[in-house]
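Let's take a friendly walk through a protein model.

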Amino acid sequence: MTAQILDGRAVSVAILDRVRREVDEFAAEHGRVPALATVLVGDDPASRTYVRMKANRCAKAGIDSHRVELDAAITTGELVSRIRELSADPAVDGILLQHPVPDHIDERAAFEAIEPAKDVDGVTRASFAAMAFDEDGFRSATPGGIMALLDAYDIPLPGRHAVVVGRSPILGRPVGMLLLARDATVTYCHSRTAGLAERVAEADIVVAAAGRPRLIRGEWIRPGAVVVDAGYAGNTGDVEYEEAAERAAFITPVPGGVGPMTIATLLAQTVRAARAHQTRRSRGAVPVRGEAMTKARDNYLLDLAASRQGYALNRLCGSLKDEENRRRFLEDEAAYCDAYGLSAEQRKAILERDWTAMLELGGSIFYTFKLAMLDKKSMQYLGGVFTGMSAEEFAAAMRSGGRKFG
Amino acid sequence: MARVIWGLATSHVPSIGAAMDNGKTEDPYWKPLFDGYGPAREWMAEHRPDVAVVVYNDHANAIDLDLVPTFAVGTAESYDVADEGWGRRPVPPVVGAPQLSEHLVRELMDSSFDITTCHRLDVDHGLTVPLSVYCPDPGDAWPCAVVPVLVNVIQYPQPTAARCYALGEAIGRAIRSFPQDLKVAVFGTGGMSHQLAGARAGLINERFDRMFLDAIEHDPEKLAALSREDYIAEAGTEGIELIMWLVMRGAMSGKLARIHDTYHVPASNTAAALALFEDLGEGASA
Ligand SMILES: [Fe+2]
């Protein structure tokens, strides 16, 4: 018998088509596309290639990818603070830190700098915990991709014996848990396992995730088993492919099996993150940076026409000087807006924290600043929004004597 | 009779107050500014007024866009410190000088300034920050009573600089005609160049500010002749607050002496300055 191929490439194309449609819908609804920040430390050629592949796939799916390339000599502290900035950046929906990072860096610390809501590669403790408890969250991308591939071929999981070879925190361990959550009976094997051949031979499903080329011999595979090879050393898998394919019912090729599914999962999760991010924004939890939004004119004069136009908006913002109003606003921003009779545009500008649009719609900075303060945003932050800078860049421009005109 | 003993021009940037409230005046960011205040504060501590007439603008706190008085005078016995949206400044409430307020309102009306009166007024950073610049550690009470004088500088068209200067002259005459033996200080607040919103946010125009700092003493008519559009173009949409310095300057009598000044960039998004003038009185020789 010759195994049927679990064709990750073909399945990923179908997933990416769906992602592309979701991106289009998202863009139509929100006027922007999802954005993934990819962080590459150093110039390991393989890592560079992976990042480039991910960026290419993003482009095909219509996702904005924002590449951050950092010197190999960067310290853990510097990397952590750079990732924290991305975590705080309202223009970023998802963050991928390409691993492995250079040896001197504390990889776990760097991963943990990723805001869990943006952890589309599923590498944080928070994501791991959510997965372990079978709760909503982002799956580690490769395990998530493996599950999607098994599902695409309707491989039954309940009650079946899955043997996972490998126990890394972003591959072996999580894939075992995901299988467990789907009612498989899971055995973990690793470098210290005695009798690996026997264990593998008991498996209905083998997931090879050890990162050791050809560790798993084809003759170990039980006839009719499903073989998933997540080996990632160059183009050689962890499984002796030809021999295993003779015995297995299904098998993933390397390349073209698990790899493309990893990227597809990453992108699908990025769209999910963007949707959730947008929901948080419209609830006001995450103010939006200006450059992606309305562009500012040089000056805004609160003349009488603007005062008329902006009356409801300014009245709403002005009401936030009262503590009880601040509480009520935070409780339900949309309802609060409705009570103040804002125009649809004003309402949108408030809910999405489009600070420049507020001015365009008659807002006065002295009023809108009260809303900014409620969001714990400084006048330097707003200055940055109006001028296309970060708050830090704007504050630095002020420290160096302010911005000169004419 | 009451007399004006000094005039203080000072920025009223909220973060200057916050730096004092949060004990940050020795931080590298703030130290140069507060060091610059030093000599003026020492001199003012030795020349305590009974009443401060503080010319300032409200920032969407006591006055909203329902009613926008161009010039207003507080007439209350006391003024609460405003919650501007992030909690009240931890400074004492402001005690009014209602008799002087009434006198000012009547005299100003008779001088053809049709003044709005404020019987209830929560005073915001525009008034309390200048008081803190004068007196950093007031303890339980400010060392003087206060008459707030409000100028609309937020909604366009603002009063002209010339009208502000004339208002100051009328306030000076009114103070000097008040039949109590009071020492009065006049505060002109706001500025210097700054713009908070729009693509020109962060604007600082040191050349204009330096010119203004000099001319406020020697050539106030030149500053009074500038249009509101000039102020906005040169000093920024919020830099037009400088017209309130002209109210202070107008209230000074003919002879004055510059005690101290200081200029510093930035106080958050603003060029911050202080200029202190002793009023030498009509008959004095400068
Ligand atoms: Fe002001």
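## Where two chains meet

The side chains of Arg326(A) and Asp83(B) form a salt bridge, with 3.0 Å from N to O. A salt bridge here is a side-chain nitrogen of Lys or Arg within 4 Å of a carboxyl oxygen of Asp or Glu. Between chain B and chain A, the count is one salt bridge. The side of chain B that touches chain A has 17 nonpolar, 12 polar and six charged residues. In this scheme Ala, Val, Leu, Ile, Met, Phe, Trp, Tyr, Cys and Pro are nonpolar, Asp, Glu, Lys and Arg are charged, and the others, Gly among them, are polar.

Before going on, note that this is a predicted model, in which local features need pLDDT of at least 70 and side-chain atom pairs count only at pLDDT 80 or more, while totals for chains, interfaces and linings use all residues. Residues are numbered from 1 along each chain as its sequence is written, chains are lettered from A in the order in which they are written, and side-chain values use heavy atoms, leaving out hydrogens and water.

| Interface item | Value |
|---|---|
| Residues from chain B | 35 residues |
| Residues from chain A | 36 residues |
| Buried area, chain B and chain A | about 3,200 Å² |
| Share of that area on carbon and sulfur atoms | 62% |

Buried area is the accessible area (1.4 Å probe) that two parts lose on being put together, summed over both.

## A covered helix

Which helix of chain B is mostly covered? Helix α4(B), residues 125-134, has 10 of its 10 residues buried, including Leu127(B), Val129(B) and Tyr134(B). Buried means under 20% relative accessible area (1.4 Å probe, protein chains only), and helices are DSSP runs of H or I with at least four residues, numbered from the N terminus. At the N-terminal end, Asp124(B) caps α4(B), with a side-chain oxygen 2.8 Å from the backbone nitrogen of Gly126(B).

## A buried arginine

Now find Arg249(B) in helix α9 (residues 243-251) of chain B. Arg249(B) is buried yet has no salt bridge, and the nearest side chain of opposite charge, Glu221(B), is 6.7 Å away. A polar atom of the Arg249(B) side chain does lie 3.0 Å from the backbone oxygen of Glu217(B). Not counting residues up to four places away in sequence, Arg249(B) touches Tyr165(B), Ile216(B), Glu217(B), Pro220(B) and Leu256(B).

Technical notes
Helix = DSSP H or I, 4+ residues; strand = E, 2+ residues; numbered from the N terminus. Buried < 20%, exposed > 50% of the residue type's maximum accessible area, 1.4 Å probe, protein only. Lys, Arg positive; Asp, Glu negative; His and termini not counted. Polar contact = N/O pair within 3.5 Å; in protein donor to acceptor, adjacent residues only side chain to side chain. Contact = heavy atoms within 4.5 Å.
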